[in-house]
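Please open the model in a viewer and keep the selection tool at hand.

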Amino acid sequence: MGSKIVLKKFFTKKSTIVFLCIIAAIVIAGILAPWIAPHDPVEQKLENKFLMPSWEYPMGTDNFGRCIFSRILYATRKTLGFSFLCTVIAAAIGITLGLIAGFKGGIIDTIIMRTCDVLYAFPSLVLVMAIVGIFGTGIFNVIIAMLIMQWLWYARVVRNLTASEKCKSYISAAKVCGTKNTKIIFSHIFPNIIPYMIAIFTVDFGHTILSISGYSFLGLGVQPPESEWGAMISDGRSFINTDSWLMFWPGIMILITVVIVNIIGDHMRDALDSQSV
Amino acid sequence: MAKYVIKRLLILIPILFLVSIIAFGLVRLMPGNAEVAYLQAAGIPPTEELIETVRKDMGYDRPLLVQYFDWLGKAVRLDFGISYASKKVVSEELFGALQYTAKLAGFSSLIVLAVSIPMGIVSAVKSNKAPDNVNRVVAFVGASMPSFWLGPLLVQLFSLTLGWLPVQGAMSFRHLILPSITMSVLYIATYSRLLRNSLLENISKRFVTYSRARGVSENKIITNHVLRTSMIPVVTTFGINFGHMIAGSTIVEVLFSWPGLGRLIISSIAARDFPMIQGYIVLMAVIFILVNLATDLITVVLDPRMREAL
């Protein structure tokens, strides 16, 4: 519909460009980690432990004398890469099934929504615990367990929106005119749910970053000695009284990244809103 | 409406049946079989004969189907057996822990609703002015805050530095405050923005223009028309999230040593305490299903357009 105008509006907003640049910088820093990290992220130098930030160690060192800055850089790849992968797959599955369920109604709706109900009956944390318990700890098992739960979000909201949108008179009018179902879904219903989807996707991507680092915090996801933001907070928590910067850096990285992701989503939403008014 | 409710209640039977199969099956799939887990939990080194004896005693030598129906028959009466680890009755331990988790989730929900509904309304009415911008910043930071980072920071400020609140435990109401705040921050951020966005979406709709043209007061338009329509996505998401709140309290419970279900299940999984894990899964399933049912019914009550879609 007017998606070009929306995108133009989105990309011409100066603050959006700034935030996109910051997130791009974080992503690029993560990708280039092997070349720009000043130290080996897993190399232990016990004589250097608990150093304050300096030119040699920009964020100081941890309890094993490892360079925190280098560990943060390597952790970026894990946390952001895995979170993005997980969210995109979940959104694709959820939106498709939600549209089908809401639009078709009847038995297909019942099957999809009852599947949701049954899966909802397994709180994601329990499912992650169960799957990690059966197949062993590790980030891929965590992601698979999260995916089983994550698409429900999208499916449920899309289904409810589609179902209430479907009852509106313009859809009935389109049906009377003989418009094909696929055309109704893609040109009439889908544009109406996009603002919600973008709002949910960004919130969800933020959630996923928080969950993936949360599971690593609990020791289920990325395993030591590899670094991950949540796991680094867990490592640093024991030293909160004496050397609190250990858990300060990974926490602030999560916070900044997720804040920016949410702001970008909000800008996209604003652009869409001004279009639809 | 009554027909819809009966239909939803009838669907619960196959759902619960499926949940029971999954709860039974998942635990059976866990590595390290139940007999070994039972002996290890009791602190006895497992030998061939002992494993054989336990297998007979616990009835694990019977066909799987017989075991399942035996388990199901007891589960219906809330009898999940005796915990391997603590040797106490599973359902009693679960309901004991549930009280604490419910207290935590309930108090957090109260905080969430009390803060996010006024926040959302004010920032929608004053959209893109000072209050909205303040809410925007609060929401962005709140939604992006890892609870496993916020919790320790709050402890450092309110417990270690100021000495106002206890570090951990669950002895009094004061112990409830920090965990609840830690848990509610994310949800306050989500709901206040969701409500604000939803309100703005509806404020620009035609029925608002018509109401204004008819001379209906602005307050009445907001409370009677816009708010009611705008609450739908909020209620849907709140319903989805309340169950997640009960289950997702694990990190907070671990952080604050809160004796709820989250801590119980983590120690049960570590100890391979099968009866406890099965009981937990079934209990959670029942809670989730009831919450989702309530959510759907409230959505229908709020949005008459949905009734036609039933």
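This is a predicted model: local features need pLDDT of at least 70, side-chain atom pairs count only at pLDDT 80 or more; totals for chains, interfaces and linings use all residues.

Helices in this tour are DSSP runs of H or I with at least four residues, numbered from the N terminus. By that numbering, S257(B) is found in the loop between helix 11 (250-256) and helix 12 (261-270) of chain B.

**Stop 1: chain A as a whole**

Select chain A and colour it by secondary structure. It contains 11 helices and zero strands. Along the principal axes, its C-alpha atoms fill a box of roughly 80 × 50 × 30 Å. Of its 277 residues, 47% are buried. Among the contacts in chain A with a separation of 6 or more, 69% join residues 24 or more positions apart.

**Stop 2: helix 7 of chain A**

Next select residues 139-166 of chain A, which form helix 7. This helix has 28 residues and reaches 40 Å from its first C-alpha to its last, close to the 40 Å expected at 1.5 Å a residue. Where does helix 7 of chain A bend? The bend is at L147(A) and amounts to about 35°.

**Stop 3: chain B as a whole**

Now select chain B. Here there are 14 helices and zero strands. The C-alpha trace spans about 85 × 60 × 30 Å along its principal axes. Of the 310 residues of chain B, 41% count as buried. In chain B, residues 24 or more positions apart account for 73% of the contacts with a separation of 6 or more.

Colour chain B by domain: the assignment gives domain 1 (31-77) and domain 2 (93-309). The C-alpha centres of these two domains of chain B lie 40 Å apart.

**Stop 4: where the chains meet**

Display both chains together. In this arrangement, 47 residues of chain B are in contact with 46 residues of chain A. Which element gives the largest share of the side of chain B that touches chain A? That element is helix 13 (residues 274-302) of chain B, which contributes eight residues. By type, the residues on this side of chain B comprise 32 nonpolar, 12 polar and three charged.

While helix 13 of chain B is selected, pick out A285(B), which has its place there. Is A285(B) buried or exposed? With 25 other C-beta atoms within 10 Å, A285(B) is buried, because 20 or more such atoms place a residue in that class. A distance tool set between A285(B) and G59(B) spans 26 Å, C-alpha to C-alpha, across a sequence separation of 226 residues.

**Stop 5: the largest nonpolar core**

Select V128(A), V142(A), Y154(A), A155(A) and Y280(B). Within the largest nonpolar core, which has 146 residues, these five touch the most other members. Domain 1 (31-77) and domain 2 (93-309) of chain B both give residues to this core, so the core lies between them.

Centre the view on A155(A). Leaving aside neighbours within four places in sequence, its contacts are G94(A), L97(A), G98(A), A101(A), I112(A) and C116(A).

**Stop 6: the open parts of chain B**

Move to helix 9 (residues 206-213) of chain B. Of its eight residues, the number buried is zero, so this helix lies largely in the open. Just after helix 9 of chain B, select G215(B), which takes a positive phi of about 85°.

Then select W164(B), in the loop between helix 7 (147-161) and helix 8 (173-203) of chain B. It has 11 C-beta neighbours inside 10 Å and so counts as exposed. W164(B) and R174(B) are 10 residues apart in sequence and 9.2 Å apart in space, C-alpha to C-alpha.

**Stop 7: two loops with positive phi**

Most residues other than glycine have a negative phi. L78(B), however, has a positive phi of about 60° although it is not a glycine. Find L78(B) in the loop between helix 4 (64-76) and helix 5 (90-125) of chain B. With 15 other C-beta atoms within 10 Å, L78(B) is partly exposed.

S257(B) has 13 C-beta neighbours inside 10 Å and so counts as partly exposed.

Key. Residues are numbered from 1 along each chain as its sequence is written. Chains are lettered from A and ligands numbered from 1 in the order in which they are written. Two residues are in contact if their C-beta atoms, placed from the backbone, lie within 7 Å. Ala, Val, Leu, Ile, Met, Phe, Trp, Tyr, Cys and Pro count as nonpolar, Asp, Glu, Lys and Arg as charged, and the others, Gly among them, as polar. A nonpolar core is a set of buried Ala, Val, Leu, Ile, Met, Phe, Trp, Tyr and Cys residues joined through C-beta atoms within 7 Å. A residue is buried if 20 or more other C-beta atoms lie within 10 Å of its own, exposed if 12 or fewer, and partly exposed in between; C-beta atoms are placed from the backbone. Domain bounds come from an automatic or database domain assignment. The expected span of a helix is 1.5 Å times one less than its number of residues. The bend at a residue is the angle between axes fitted to the seven residues ending there and the seven starting there.
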